[in-house]
Amino acid sequence: MSMIYFTADTHFGHTNIIKYCNRPFKSVDEMNESLIEEWNKVVGEDDTIYHLGDFSWDDIELVKSILKRLNGKKFFCFGSHDKHMSQLSGYFKEMKESFLIKTEEDQFIFLNHYIHKEWHLSHYGAWHLFGHSHGRMDDYAKEEGKLLDVGVDSHNFKPWSLDEVKKIMESRPLNFNDRRRFK
C-alpha cells in the first residue's frame, strides 16, 4: 500500500544552512547524506512525496545526483531558493507554486512553501502544510488552527507521513475562520 509524505527545506548543498538553523552536521556532505538516508528510510519507491520548497542550493549536477537517489513519486512546490529547480521538471510528477490535494478521507490539504493566515477552503476545515520557517512558526501554528510546518528542521530531518500529520491535526483547534465556529 503506497503512502503519502510531506517535507520541505532540505537545502541540499547549502553549507550555511547548517549554521543558520543550528543543524547537527559537521559538513554539507554529511548533511546531504543524512537527509537522503532519512528520506529513504520512510519513503518507498511507490510512495508519493510532496516537497514544499527550498530543495537545494543551485548546483544542478549535485541536485540531479541527489534526486536520482531519492525514493518516491515526487511533487514540488517552489520555495524562495528554487529558481534553478524549473530545469529539473523531469524528476517530478508535477511542479507548481501550490497544491490543493484531497485525501482518501476527503480531507483537503493546501500545500505551499510559505505559511498563510488564510488559504483555499480554510473556512471549510482544509489543512495547511508549509515550510520556509524552519520551525520558527510552530507555536503560532499550534494556536491558529490546522497548520503545520513540515520542514526537516521540525521533524528530525525526515519527511512527515500523512498519518503523522493527521495525528497532529487532531490536537489543533479549528481554523480561526472555520464556519463551524460560528454556528
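These questions and answers go through some terms used for this predicted model.

User: Why is His51 called buried?
Analyst: Buried means under 20% relative accessible area. His51 has a relative accessible area of 1%, so the term applies.

User: Where is His51 placed, and what is in contact with it?
Analyst: His51 is in strand E2. Leaving aside neighbours within four places in sequence, its contacts include Trp39, Phe75 and Phe76.

User: What makes the link between His51 and Thr10 a polar contact?
Analyst: A polar contact needs a pair of N or O atoms within 3.5 Å, one able to donate a hydrogen and the other to accept it. The side chains of His51 and Thr10 make such a contact at 3.0 Å.

User: How do you know that E2 and E3 pair?
Analyst: Pairing takes at least two bridges. E2 (residues 48-51) and E3 have 4, in the parallel sense. On E3, Lys74 is the bridge partner of Ile49.

User: Why are E4 and E9 called edge strands?
Analyst: The open sheet of 5 strands runs in the order E4-E3-E2-E1-E9. E4 (94-96) and E9 (160-161) each pair on one side only.

User: Why do the buried residues of H3 line one face of the helix?
Analyst: The buried residues in H3 (residues 60-69) are Ile60, Val63, Ile66 and Leu67. Down the axis they fall within an arc of 125°, so they line one face. Helix H2 (28-42) and strand E3 (73-77) are among what covers them.

User: Which exposed residues does the face turned away carry?
Analyst: That face of H3 carries Glu61 and Lys68.

Methods: Residues are numbered from 1 along each chain as its sequence is written. This is a predicted model: local features need pLDDT of at least 70, side-chain atom pairs count only at pLDDT 80 or more; totals for chains, interfaces and linings use all residues. Side-chain values use heavy atoms; hydrogens and water are left out. Buried means under 20% relative accessible area, exposed over 50%, partly exposed in between (1.4 Å probe, protein chains only). Helices (H or I, at least four residues) and strands (E, at least two) are DSSP runs, numbered from the N terminus. The arc is that of the directions from the helix axis to the C-beta atoms. Contact means heavy atoms within 4.5 Å.
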